Amino acid sequence: MSNEIKPVLKARGIVKRYGRVTALNYADFDLYPGEVLAVIGDNGAGKSSLIKALSGAVTIDEGSIELDGKPIHFTSPMHAREAGIETVYQNLALSPALSIADNMFMGRELRKKGLMGKYFGALDHKEMQRLAREKLNELGLMTIQNINQAVETLSGGQRQGVAVARAAAFGSRVVIMDEPTAALGVKESRRVLDLIADVKARGMPIVLISHNMPHVFEVADRIHVHRLGKRLCTIKPDDYSMSDAVAFMTGAKEPPAENAA
Amino acid sequence: MSETPKSSRQKQDFEHALESSDSSVAQFEHKHRSLFDSVQHFLHGNPTMVPVIVLIFSIIIFGFVAGSKFFSPFNLSLIMQQVSIIGILAAAQSLVILTAGIDLSVGAIMVLMSVIMGQLAVTIGIPAPIAIVIGCIGGICAGALNGFLVTRIKLPPFIVTLGTWNIFFALNLWLSGAQSIRSQTLDEIAPLLKFFGESIALGGARITYGSILMLLIFGVLWYILNHTSWGRHVYAIGDDKEAAELSGIRTNRTLIMVYGLAGLVCAIGAWASIGRVGSVSPQSFQEANLQSITAVVIGGISLFGGRGSIIGPLIGALIVGVFNSGLRLAGVDVLWQVFAIGWLTIIAVAIDQWIRKVSS
């Protein structure tokens with residue numbers, strides 16, 4: 001990426017310690033507009049901690065995070081969401097017994113207009129259902145017939161679809177996806193990869209965490225290799241092979257000097 | 001399907017097999033459901049239908065067994081009256097159980113607050129309305145204490161409320177000196193405390209204000225749980241607390257509010273209980289907490305949280321009332337009423353487990 005384009009989301013020297021374990025060790029991170037950035041790394045490299053720091057699920061001990069050049073200090077996922085950063089967690093963070101519409105609007109429910117909404121907090125169920133259906137339609141997910149059916153009655157791929165649709169519908173700046181294809185079959189993985197392309201086509205930058213190299217190399221514009229709690233290097237998928245990427249992230253091979261962070 | 005990825009990024013070889021495959025993804029299999037499956041799915045979507053069906057059947061059966069006495073307006077209004085206090089406590093209990101917790105202290109909070117209201121109004125001589133308000137604030141504080149211990153000290157709700165149950169009961173005996181405040185004393189000094197014991201006659205029925213209060217409480221809670229954000233958050237927390245937190249819900253704050261609201265409902269129940277009993281009795285309603293759990297469970301609210309309608313426990317309390325009334329009118333010994341309620345509770349939980357399996 002050329003230097004004149006400013007990153008949407010930028011982190012410098014972030015540190016997160018859990019007791020004696022240092023999960024993030026002065027890690028850097030850059031996400032540029034409109035790109036799909038894959039984050040890869042071995043187990044325990046600190047990928048999850050990095051994502052949690054960026055999405056407000058954990059508070060960092062040191063370092064700075066900037067969104068559109070403005071410093072941000074998230075202390076809860078709500079802050080990140082309000083700032084326009086949406087996250088699709090690996091466990092999806094859906095409430096299984098609640099409906100698709102309820103889940104899509106969880107934590108940001110719409111109130112009715114008028115007195116009932118203002119003074120009695122009455123929710124506008126109809127409007128939420130309409131919008132939820134619209135968002136699912138936009139992403140071609142209308143194999144889901146009933147917007148009021150409980151999420152637990154959906155298949156794994158459909159649940160993933162709901163979670164992605166929720167993130168895409170409300171994320172105004174960045175969408176983060178943690179292992180979106182890890183639990184899915186071949187066909188459903190394909191659907192989710194297409195969803196990622198759809199979201200990207202709207203100009204939304206995406207952070208994709210994945211262990212699946214073929215998926216990473218297919219959709220990513222750049223790959224951020226995380227190792228031992230920090231960014232080792234960023235590479236372009238066209239310049240390196242999958243085995244190179246695996247070699248970097250496992251430490252079998254030194255990272256290319258010009259790309260080293 | 002969206003546009004294909006850039007030419008440099010190829011799909012995996014094995015995925016080309018997908019092109020000739022069925023392009024529909026993750027659709028429902030519309031396999032033929034047996035009647036049994038259909039019932040299970042229906043109940044999964046409408047968990048309150050179980051207690052409703054049980055209530056209707058028990059009314060029909062006891063109507064036959066006990067005869068026309070059972071259907072007299074007087075008897076029906078009496079059932080309402082008898083279940084009103086347990087019903088109100090069950091409403092409070094439901095809030096906590098919906099969050100996958102349990103509140104063993106609801107009965108103790110209620111009796112303690114009735115003693116506080118009574119002592120303030122009668123012994124100290126504070127005007128009754130102020131005594132009632134202080135009692136209600138006390139209820140909120142007692143509930144919030146439970147909530148604080150559950151969320152901040154991170155103790156299991158069962159242990160916390162088992163402890164506070166005893167603590168509140170001891171405070172109640174201390175404040176009251178284990179003495180009741182008699183009905184005549186209340187009439188002289190603070191008749192307002194007995195307000196919910198008064199009734200309106202409607203045909204042969206005697207509907208107490210306490211019965212109406214119970215229905216009102218359920219109505220308000222139904223609205224809160226189904227039509228406000230806070231209510232949806234309560235369900236989400238009971239369903240999956242971690243997911244709720246990641247969705248941006250401040251779960252601990254909401255939980256403390258749940259316990260506090262339950263405490264407030266108990267305190268309102270305390271006022272109603274004074275009217276129901278006619279006196280302030282520190283020894284009354286000793287089994288109320290367990291009876292409230294029974295009503296909630298029979299009402300189809302899952303003990304695992306997040307499932308069930310607040311209307312269920314109202315029906316559950318009515319079922320218990322109908323059983324007790326019907327068996328009594330049929331001349332059956334009281335011990336068999338308890339026996340029947342015991343089985344009903346076990347069956348209710350078994351049905352809940354069966355319904356929950358629908359998803360797996």
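## A hairpin in chain A

Let's start with a turn: Gly19(A) takes a positive phi near 60 degrees in the hairpin of S1(A) and S2(A), where 2 residues sit between the strands. Keep in mind that you're looking at a predicted model.

What about the strands themselves? Strand S1 (residues 9-18) of chain A pairs with S2(A) in the antiparallel sense, and 7 bridges link the two. If you want one pair to look for, find Arg17(A), which stands opposite Thr22(A) in S2(A).

## Glu35(A) in its loop

Now follow chain A to the loop between strand S2 (21-31) and strand S3 (36-41), where you'll find Glu35(A). Is Glu35(A) buried or exposed? Glu35(A) counts as buried because 20 other C-beta atoms lie within 10 Å, and the cut-off for buried is 20 or more.

Which residues does Glu35(A) touch once you leave aside neighbours within four places in sequence? Its contacts are Pro205(A), Asp221(A) and Arg222(A). Met204(A) is 169 residues away from Glu35(A) along the chain, yet their C-alpha atoms are separated by 7.5 Å.

## How confident is the prediction?

The model as a whole scores ipTM 0.84 and pTM 0.87. Chain B has a mean pLDDT of 88, with 91% of its residues at 70 or more.

Two stretches of chain B call for some care. Residues 1-8 of chain B have pLDDT below 50, with 8 contacts in the model beyond near neighbours in sequence. Residues 25-29 of chain B are also below 50, and this stretch has 11 such contacts.

Key: Residues are numbered from 1 along each chain as its sequence is written. Chains are lettered from A and ligands numbered from 1 in the order in which they are written. This is a predicted model: local features need pLDDT of at least 70, side-chain atom pairs count only at pLDDT 80 or more; totals for chains, interfaces and linings use all residues. Helices (H or I, at least four residues) and strands (E, at least two) are DSSP runs, numbered from the N terminus. A residue is buried if 20 or more other C-beta atoms lie within 10 Å of its own, exposed if 12 or fewer, and partly exposed in between; C-beta atoms are placed from the backbone. Two residues are in contact if their C-beta atoms, placed from the backbone, lie within 7 Å. pLDDT is the predictor's confidence in each residue, from 0 to 100. Two strands pair if DSSP finds at least two bridges between them.
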